[in-house]
Amino acid sequence: MEKKLKLQYPPGDLAIWIFILAELLVFAVFFSAYAFTRANHVELFNEFQLTLNSDAALLNTFALLTSSYFVVRAVSAIRENKHQLCARWLWAALAMGALFLVIKSTEYAHHFGMGINLSTNKFYMFYLSLTFFHFMHVILGMVILMAVAFKARAGDYSAEEHDGVETGASYWHMVDLVWLILFPLVYVMR
C-alpha cells in the first residue's frame, strides 16, 4: 500500500513565514508611497514611465514565473523522494533567476549610462529604489535556493523530511509575488 505524505501548512519553517510577512509589509509601505506620490505627479510619472523598457520587464516576468514553476517541480520531486531531480529543478530555477538579474542589470546600466540616478526626479527615485530593493531579494532568494540545491543533491532531504525545500520555495514565491505587483505598478499602470 502506498504511503501518503502528511502535508504541513504553512509549508516550510514557520520563521520564514514571519520573515515573508515582514517583507511583504515593507513592500506594501513602499507600494503605497509610490501610489500616493504618483497620484500627486501623474504627468511626471507617465512621462518617465515611457522611458522604461517594458519588453525587458515582460521578459523578466516570464523568467520569474518560469523559475517559480521549476521550484514547484522541485518540491514535487522531493515529495516523491527524488532528491537528484529536485536539485536539477532548483538549478533550472536558479538559471532563470540569473536571467532576471542579467536583464535587470542591463536596464540599470542603460539608465546609469544616461546619467539617471536617485535624485533625477521622483519617478526615478521610486523606480530605482523599488526595483533595486526587489533585485536584492532575488539575489537573497537565489542564495537560499542554491543552498537548498546543494543539500538536495547531497541527499539531505527526503519525502518525509524536506522542510528546507519548502522553506526555500516559499521565499522564492514571495519574490515572484512582489514582482507581479511591481511590474504593472511601475511599468504598465498609467
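**Exercise 1. Work out what share of the chain's residues is buried, then look at its surface.**

Start with burial: of the 190 residues in the chain, 44% count as buried (under 20% relative accessible area, with exposed over 50% and partly exposed in between; 1.4 Å probe, protein chains only). Before going on, note that this is a predicted model, where local features need pLDDT of at least 70, side-chain atom pairs count only at pLDDT 80 or more, and totals for chains, interfaces and linings use all residues. Residues are numbered from 1 along each chain as its sequence is written, and side-chain values use heavy atoms, leaving out hydrogens and water.

Now the surface: the chain exposes about 10000 Å² (Shrake-Rupley method, 1.4 Å probe), and carbon and sulfur atoms supply 69% of that.

**Exercise 2. Describe the fold.**

Next, check the box: the C-alpha atoms fill roughly 65 × 30 × 20 Å along the principal axes. Last, take the contacts (heavy atoms within 4.5 Å) with a separation of 6 or more: residues 24 or more positions apart account for 82% of them.

**Exercise 3. Find D176 and its surroundings.**

Step one: D176 sits in helix α6, residues 163–188. Step two: D176 is buried but has no salt bridge (a side-chain nitrogen of Lys or Arg within 4 Å of a carboxyl oxygen of Asp or Glu). The nearest side chain of opposite charge, K104, is 14 Å away. Step three: setting aside neighbours within four places in sequence, D176 touches L64, S67 and S68.

Technical notes:
Helices (H or I, at least four residues) and strands (E, at least two) are DSSP runs, numbered from the N terminus. Lys and Arg count as positive and Asp and Glu as negative; His and the chain ends are not counted.
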